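Biologist: I am new to this protein. Please walk me through the fold, the surface and the rings.

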Amino acid sequence: MTTQTVLAAAGGVSGGEEVTFWILAPLALLGAIGMIAARNAVHSALWLVLTMLCLGVFYVLQAGPFIGMVQIIVYTGAIMMLFLFVLMLVGRDSSDSLIETLRGQRVAAVVLGLGFAGLVGGGLYRGLGGVSAVGLEQANAEGNVQGIARLLFTKYVFAFELTSALLITAAVGAMVLAHIERRREDKMDQIATMKARFAPGNYPGPKPGPGVFATSSSVATPARLPDGRLTERSIPEIMPAREMTAEETTLKGTDR
């Protein structure tokens, strides 16, 4: 991309850029609203991925190919996917978001978020409203990516390395704080694990699957034991009990 192309793209709005904006702007806004409104953490992360992809395209249209590719490759492709994988491994349930530990925290978060957005928007409007960009020709003399690389690894190399050191320190500190060191006497060997598994009151065998030998094939229906009693062990605790009608609870002849 030449300097003339960069400056021309930065100084005017073409027809293709305007059409792309009107198509992706509603999608970006929809993704932002969906991220806040989604009750499932995985769905919220996916909505945020949509918004980040749209922002990356906007950066490219505004003659910023480097920051646009960084937005798509680093933030959307790496960091958000890492968040998504962690959420899937942790196993976030939709019922977790319904628990409000502090009364009124959602209303307070919305009010504070709108107030902060207003302050940032007002500051940017007053700071950039009547200011014209100076020095773009010199910075983009060899290209946008080359100009950013030259400033990043020459003039601002100390700040860049300091930021990377802070990020590494934060990552190591998070691992240290999250690490739990067990005492030697608390670690169970194979013999202790076997004794605890077969201790009185435990259920060492495999649990029956939901709906097995039951009056319904629903996964929310507890299985029946050989003596005819229902076992709640066959239903996970996170799964709500299914309300069944009298017709569904009647025997279907499978108990013979």
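Biologist: Which pattern does the protein follow along the sequence?

Modeller: This is a predicted model. The secondary structure comes to 10 helices and 2 strands. Read in sequence order, the pattern is α-α-α-α-α-α-α-α-α-β-β-α.

Biologist: What share of the residues counts as buried?

Modeller: Buried means under 20% relative accessible area. The protein has 256 residues, and the buried share is 15%.

Biologist: Which helix gives the largest share of the nonpolar patch?

Modeller: The patch covers about 770 Å². Among its residues are V60, M69, Y75 and F83. M69 is partly exposed, at 39% relative accessible area, and lies in helix α4. With 8 residues, the largest share comes from helix α4.

Biologist: How are the rings of F21 and F58 arranged: stacked, edge-to-face or tilted?

Modeller: The whole structure holds 3 aromatic pairs. In the pair of F21 and F58, the ring centres are 5.7 Å apart. Planes under 30 degrees apart count as stacked and those over 60 as edge-to-face. The planes here stand at 45°, so the pair is tilted.

Biologist: How many residues apart in sequence are the parts that this pair ties together?

Modeller: F21 lies in helix α2 (residues 15–37). F58 lies in helix α3 (residues 41–61). The pair ties together parts whose separation in sequence is 37 residues.

Biologist: And F153 with F160: stacked, edge-to-face or tilted?

Modeller: Their ring centres are 5.5 Å apart. Over 60 degrees counts as edge-to-face. The planes of F153 and F160 are at 70°, so the pair is edge-to-face.

Conventions. Residues are numbered from 1 along each chain as its sequence is written. This is a predicted model: local features need pLDDT of at least 70, side-chain atom pairs count only at pLDDT 80 or more; totals for chains, interfaces and linings use all residues. Side-chain values use heavy atoms; hydrogens and water are left out. Helices (H or I, at least four residues) and strands (E, at least two) are DSSP runs, numbered from the N terminus. Buried means under 20% relative accessible area, exposed over 50%, partly exposed in between (1.4 Å probe, protein chains only). Patches are made of residues with over 30% relative accessible area and no salt bridge: like charges are joined within 9 Å, nonpolar side chains (Val, Leu, Ile, Met, Phe, Trp, Tyr) within 5 Å. Accessible areas come from the Shrake-Rupley method with a 1.4 Å probe; for residues, only the protein chains shown count as cover. A salt bridge is a side-chain nitrogen of Lys or Arg within 4 Å of a carboxyl oxygen of Asp or Glu. Rings of Phe, Tyr and Trp (its six-membered ring) pair if their centres lie within 6.5 Å; planes under 30 degrees apart count as stacked, over 60 as edge-to-face and the rest as tilted.
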